[in-house]
Amino acid sequence: MKKILFIIIAMLFFSFGVEAKKIKTMIVTGQDGSHWWKGGSEAIEMILENSGLFTVDILVTPATGESMENYRPDFKKYDLVIINYGGVTWTEQARKNFEKFVSNGGGVVVIHSSIIPMEDWPEYNKMVGLGAWNGRNEKFGPYVYWKNDRWVYDYSPGWAGYHGLQHPFTVVHRDTVHPIVNGLPPVWEHFKDELYARLRGPAQNMKILATAYETASDGVGRDEPVLWTVNYGKGKVFVSVLGHAGNDPELRYSMECTGFQVTLLRGAEWAATGTVTQEIPKDFPSKGVYTLRKEWKSP
Ligand code: ZN
C-alpha cells in the first residue's frame, strides 16, 4: 500500500513538474478585416498545445469599432505573446505594458498580417522589423531583400506591401545556423499561401532566416524575407509572414503546411526561451514537395 501511495505521489509530482515547464502563451487576436482571425488563432492554439510544449490562452480584443479603453492584457503573466491581430492601435497603457514586457525579456511571435497594423506605434514597427501597407513608405525604413548572396537595404522612396494571388512557393533559408532553422532542409515547398512582398521598416537588430521569390505589380521580382527574428531590449521576436487564414472556415490551408507549423513551433520556443529543443521532424517538406499536417500535430 505504501509503495502504491509512493508511486501515485511520484506520478503527481512528475506531471506537475512537466506542466510547470510548459511555455505560457497568450494569443492576442480579435480584429482583422481581411482574415479569419478566430479560425487562424484556434489553429495556432492547436499547433502549440498539440506539441506538448505550450499552454495557450486566447485573449480576444474588443470588436472592430468598439472602445479599446479597457483592453489591458496582463502580458507579464506569460512567457510568450503571439500577435495574430490586424486592428486599431492599442491604448497608450497597453502599448507601454507591451514595450515593458518585451524589453524585459518577453518572447513574441508575429503572424502574417500582424505586420500591417499599428503603423503609428514606432516601437511596434521596431519589434516587427518590417511592415507593409497602411501608408508605410520610405519614412518607415528601407526595403530589405536578398540579391547576389547578400542583403540589400534599399532606401529608395515608394510604397510598402504587395501580394498577388495565392500560390505554393519555395522557401529558401538564408541562415542555416540559427536555432530556429538549424538542421531543417534549407529549401522547401510551402503550400498555397499569400506571399507578401516589398516590406519596409526600421529593420534594426534583425536576422532574416528565409526568403521566397515574388514578382510585384511593377513587374520586378525579388527574394523577399518571409521568416526573421528581431531582438528588442532583452526580448526576442520571431516573425513569420506565412499563414494566411481567409474569411471562411475552409480557408486556413496555408496553416496546414508542415513547414508553417514546424517553423512556428521552433520560432515560438526560441522567442520564449532562446533555445530550440525540438527534433527535426521526418515529415518536413523538401525541395519541390510540400507536406501537410491537417490534424494540427506531428503525425
Ligand atoms: Zn493574408
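## Burial and the model

A residue is called buried when its relative accessible area is under 20%, exposed when over 50%, and partly exposed in between (1.4 Å probe, protein chains only). Phe101 counts as buried because its relative accessibility is 8%.

The model is predicted: local features need pLDDT of at least 70, side-chain atom pairs count only at pLDDT 80 or more, and totals for chains, interfaces and linings use all residues. Residues are numbered from 1 along each chain as its sequence is written, and side-chain values use heavy atoms, with hydrogens and water left out.

## Aromatic pairs

Rings of Phe, Tyr and Trp (its six-membered ring) pair if their centres lie within 6.5 Å; planes under 30 degrees apart are stacked, over 60 edge-to-face, and the rest tilted. The whole structure holds 15 aromatic pairs. In one of them, Phe75 and Phe101 have ring centres 6.1 Å apart and planes at 35 degrees, so this pair is tilted. Phe75, at 1% relative accessible area, is buried.

Phe75 and Phe101 also belong to one aromatic cluster, whose members include Trp90 and Trp121.

## The zinc site

Donors are N, O and S atoms within 2.8 Å of the metal (3.2 Å for Na, K and Ca); water is not among the atoms, so sites may look incomplete. His35 (NE2), His112 (NE2), Glu194 (OE) and His244 (ND1) coordinate the zinc ion at 1.9 to 2.1 Å. Angles between the four donor atoms run from 97 to 142 degrees, so the arrangement is irregular; four donors count as tetrahedral if all angles lie between 85 and 135 degrees.

Glu194 is buried at 8% relative accessibility, and His244 is buried at 6%.

How values were computed: Tetrahedral: all angles 85-135°; square planar, octahedral: opposite > 155°, others 65-115°.
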